[in-house]
Amino acid sequence: MANPLLAGRGSGVLLLGNEAIARAALESGICVAAAYPGTPSTEILEAIVEVAEQCSVYVEWSVNEKTAFEVAYGAAIAGLRSLVAMKHVGLNVASDILMSSAYAGVEAGFLVVTADDPSMHSSQNEQDNRWYGLLSHLPVIEPSNPRDAYELTKESYALSERYKIPVILRTTTRISHTRMPIVLSGEVASGRNCRGVFRQDLSRWVLVPGNARRRKLELVKTWTSIMEKEGKEPFIRIINPGSSKVIIASGIAFSYVREALNLLNAVDKATVIKVNMPVPLPRAPVKKVLESASEVLVVEELDPVVEMQVKDIAQTEGYSIRIRGKDLIPLNYELSIESVYSAVKEFLGIEGKTPWESIGVVETPTPIPPRPPVLCAGCPHRLTFYIVKTAANKAGLKNPVYTGDIGCYTLGYQKPFETQSTCFEMGGSIGVANGLVKAIDNPVIAVIGDSTFFHAGLPPSINAVYNNAHIIILVLDNLTTAMTGHQPHPGTGISATGKKTTRILPEKILESIGYRVYVINPMKTKESIEAVTEAFREYKNGGMVAIVSRMKCALEVAREARRSHVTLPLYAVIEDKCTGCMACVNLTACPALIVEPGAKKPRIMSDLCIGCGLCASICPYRAIIVVNNPTPGYEKLWWEP
Ligand SMILES: Cc1ncc(C[n+]2csc(CCOP(=O)(O)OP(=O)(O)O)c2C)c(N)n1
């Protein structure tokens, strides 16, 4: 099937919000796109990667969001349109350059896409990144659905070039991950010559204090002009003007408001201001509507960013009208049609049952059984955790504290491993270990994934050696960024577009800093336990040690085995030999091992087992064996990127 990202003008295509942003950026003629993966933003770059060569776009997965930002910004100051995408917390990592880029500005359209995650479907917090607009004095554009995202992305490039500043596009999970039919209004150019020109201008590009002071005044002037001049379509729309009841909504909240008004048959009972640019909120059109309003309701997801600005306008203008918002609309988590419907109903003083009450929809009678997330069958992290715990006992490492990080391996916080006692942000495992070890007497083991190590693990690894923080670093190298969908990273030696590039090994970096590094293959369980035990003993004698556990993500191995017709080993429990001690079940927590109701012995589910062999190496009775004929040399799949 043809890629919808390359479809011609006038075609109707079904696009995910993130794909809509990618398509619009391509239509806008971007030459450079960079990102670090993170849900719900990842598909933006993934979509661009697919067509990058045809569209002459340089695309990369950078090591982290700060670098991705700098890559795209570097192109924008040389006059090439560019895009950087990240999840909301990624903007924290890139916030240093974000702030400075506002001062220096751009020479070509530059879009910073932040995909926020209200309700924290896959995040450690639910920060509202519209605040970054207020902090940096940069405009924030917020679409209400994927079609909006498509159109507003194109408008954002124009806005960025009108004012020569970066523009922040804020989406949320529901926008990024919803599909919508879109009729394409532009073409994607191919065969372009994407070369820029860097024009020297020390007063602009070198932010020493004297220059920064001047640029700050420029920035505030730009900010004020945007507020004054952009208070019109496409950044703000007044629907059904003239009503004394006013609802102001931005982002996904607008879609809920529209639906609620339709359900309430109340489309003509309120003036609605659809805010596509919540920061800075254009003052003039809001002021005009407020002049004749009796009461206002601001509906927005998460923080009262628009509400605060509306209240400021009303206060400054001396209007004594009641402005409601977070007293009726939840402050936390995603909004829903139910929550917005109730608020709008109350605001408009409409009586009666909700549609779902009148048709008698009640709570789901049979709740879905909770399914806590588990490490996949064959996950290398499971083997490593088992090895490390066993080795810690063998080496007499007393009560180690495992500082954790973000990735699939975070699941190690659960029983039976409990190899994560903290998890805050990327790189935090090693950073927090640096401080914890100064405060407590326990050994501290920092557990970090390979992608996370490259993202934010290097500075704290260096800090530990420099400042004598006696910690152990454990890098879980599964040769991919598994959690976000298997993007490559520097340790794979493969680029975003699948080309071979320089491979950078974590052990080489750690050795060069001063760690003695033990590289293990956790499939060789016994050997690995020996090596890690030795590492722990060395640590106890004062050594700075690190362990790199290398074995490919099981999902990737299974996929490659299917693709290359390789048969992996299949294990089974031999009933006669099995005593039912349950060591395999209790020590591995592998989802391929099940105990049927009433059964006394476990069984291996053949469609889940991919032959990592951990259970076989644990079984004290050798009751778990390979029962098929694996393809000779299959092990290579577990090792090579
Ligand atoms: C600042 C930031 N950027 C991105 C993410 C999304 N994210 C969570 S874990 C992770 C990387 C996980 O990869 P890795 O460290 O290799 O561990 P794996 O999942 O492969 O076990 C990413 C990109 C995040 N939580 N925070």
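Me: Accessible areas here come from the Shrake-Rupley method with a 1.4 Å probe. The model is predicted. What share of the accessible surface of the chain belongs to carbon and sulfur atoms?

Reply: Start with the total. The accessible surface of the chain comes to about 27500 Å². The part that belongs to carbon and sulfur atoms is 54%.

Me: What radius of gyration does the chain have, and what would a compact globule have?

Reply: Count residues before judging size. The chain has 641 of them, so a compact globule would have a radius of gyration near 26 Å. The value for the chain agrees with that: 28 Å.

Me: What percentage of the residues in the chain is buried?

Reply: Buried means under 20% relative accessible area. Apply that cut-off to the 641 residues of the chain. The buried share is 56%.

Me: Among contacts between residues at least 6 apart in sequence, what share joins residues at least 24 apart?

Reply: A contact needs heavy atoms within 4.5 Å. Take the contacts in the chain between residues at least 6 apart. The share that joins residues at least 24 apart is 80%.

Me: Which strands are the edges of the six-strand open sheet?

Reply: Read the order: β3-β2-β4-β5-β7-β6, with parallel pairing. An edge strand pairs on one side only. That gives β3 (58-61) and β6 (140-141).

Me: Which residue in β3 is the bridge partner of valine 32?

Reply: Strand β2 covers residues 32-35. Four bridges join β2 to β3, and the two run parallel. The partner of valine 32 in β3 is tyrosine 58.

Key. Residues numbered from 1 in each chain as written. Predicted model: local features only at pLDDT ≥ 70, side-chain atom pairs only at ≥ 80, totals over all residues. Heavy atoms only, no water. Rg over C-alpha atoms; globule rule 2.2 N^0.38 Å. Buried < 20%, exposed > 50% of the residue type's maximum accessible area, 1.4 Å probe, protein only. Pairing = 2+ DSSP bridges.
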